[in-house]
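Work through the exercises below with the sequence and the structure side by side. Try each task before reading its solution.

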Amino acid sequence: MRDSDPRVVLGLHRSRHERRLLTGALDLGVTAIDTSANYLGFRSHEVLARIASDLLPKFTLSTKVGYFPRADRAEHSLDPTRLYGAVEQAARNLGREPDVVFLHNPEHSLQETAPHNRDALFQACATLDDATAKGLCGAWGIASWDPSLLPGLIDVTMPRPSVLMVRAGLLVGIRTLDTVNTLVTAWGMSNSTMWGMSPFGGSTGAPVWDRIDPRVFLRDRAGLSRVQAAFRAAYRLPRVDTVAVGTDEPAHLGELIGALVGEVDEQAILKYRSLLRERSRAQPA
């Protein structure tokens, strides 16, 4: 089974926000950007508007809210007033309403034992839902690095996000993969509303990519490199139709787009997930 139109989003997490990257992405057919209010030292939105105001209408644009600047550090908050204000400010600074606004890592303000977790998450989601209804953004979602707390907090009354963004790829543990499956079922989400991020766990230069050959997860290697194969497999761990990936080099982005011709071996993915689960069970608690 092949993905239905797998999509690449240019993520700006560690990007220098150079215009040549945006024009290069457009030349490659990448027409989606993902950023956040706190990227580039809380300057991402303003810099994008300054260097590429003429290009931004050519992209669908997603951003994230949840982190706020302080004199000494960034802080996270689920306060509804601050979140709503952040969505308003994002639209002002970008010069347009974002197509999607993600609630950024809500787990950073949620604790295992805190008694008001569910209400805090509910109010934060309701705030983004309200901002969407009022036209401040096209849709809202949740971007979570560690979603393990979320399944125990949601029920049928919780506002439902349009998009869920989670870590994807061969370095994601079985606990996260299982948690994502639980959220997909609870929210009734489809592949088209699932996004992956950080498909290489931070860097394609990490030693792990020299020790393994991800091409075993493809039916036909199709001349793809190890990096390309790892990227293609990320669309199945967990199952997503969109992956956001960061780079400052259009050539690297083009290499990853080239990986989409590969066909994932579903049985190899299932076997890999089973091995992850067996290893998790064998480890001491």
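**Exercise 1. Is cysteine 137 buried or exposed?**

Solution. The model is predicted, so every value here is computed from it.
Step 1. Take the relative accessibility of cysteine 137: 6%.
Step 2. Compare it with the cut-off: buried means under 20%.
Step 3. Cysteine 137 therefore counts as buried.

**Exercise 2. Find how many disulfides the structure holds, and account for the number.**

Solution. 
Step 1. Start at cysteine 125. The closest cysteine sulfur is in cysteine 137, 13 Å away.
Step 2. Start at cysteine 137. Its closest cysteine sulfur is that of cysteine 125, again at 13 Å.
Step 3. Apply the cut-off: a disulfide needs the two sulfur atoms within 2.5 Å. At 13 Å, the sulfur of cysteine 125 is too far from that of cysteine 137 for a bond.
Step 4. The structure holds zero disulfides.

**Exercise 3. Describe the overall build of the protein chain.**

Solution. 
Step 1. Count the secondary structure: ten helices and ten strands.
Step 2. Take the extents. The C-alpha trace spans about 50 × 45 × 35 Å along its principal axes.
Step 3. Look at burial: 51% of the 285 residues are buried.
Step 4. Look at the contacts with a separation of 6 or more. Residues 24 or more positions apart account for 76% of them.

**Exercise 4. Which residues touch the most other members of the largest nonpolar core?**

Solution. 
Step 1. The largest nonpolar core has 75 residues.
Step 2. Another core, of eleven residues, lies apart from the largest one; among its members are Ala32, Val100, Ala139 and Met165.
Step 3. Follow isoleucine 142. Beyond four places in sequence, its contacts include Phe102, Leu103, Cys125, Leu164 and Trp187.

**Exercise 5. What does the side chain of lysine 64 reach?**

Solution. 
Step 1. Locate lysine 64 in strand β3, residues 60–65.
Step 2. The relative accessible area is 2%, so lysine 64 is buried.
Step 3. Trace the side chain of lysine 64: it reaches the backbone oxygen of threonine 35 at 3.0 Å.
Step 4. List partners beyond four places in sequence. Lysine 64 is in contact with residues including Asp34, Thr35, Ser36, Tyr39 and His104.

**Exercise 6. How many residues of helix α8 are buried, and what covers them?**

Solution. 
Step 1. Helix α8 runs over residues 226–233, and six of its eight residues are buried.
Step 2. Name the buried ones: Gln228, Ala229, Ala230, Phe231, Arg232 and Ala233.
Step 3. Their cover includes strand β1 (7–11), helix α7 (208–211), strand β10 (242–246) and helix α9 (250–258).

Technical notes:
Residues numbered from 1 in each chain as written. Predicted model: local features only at pLDDT ≥ 70, side-chain atom pairs only at ≥ 80, totals over all residues. Heavy atoms only, no water. Buried < 20%, exposed > 50% of the residue type's maximum accessible area, 1.4 Å probe, protein only. Core = buried A, V, L, I, M, F, W, Y, C linked by side-chain atoms within 4.5 Å. Contact = heavy atoms within 4.5 Å. Helix = DSSP H or I, 4+ residues; strand = E, 2+ residues; numbered from the N terminus. Polar contact = N/O pair within 3.5 Å; in protein donor to acceptor, adjacent residues only side chain to side chain.
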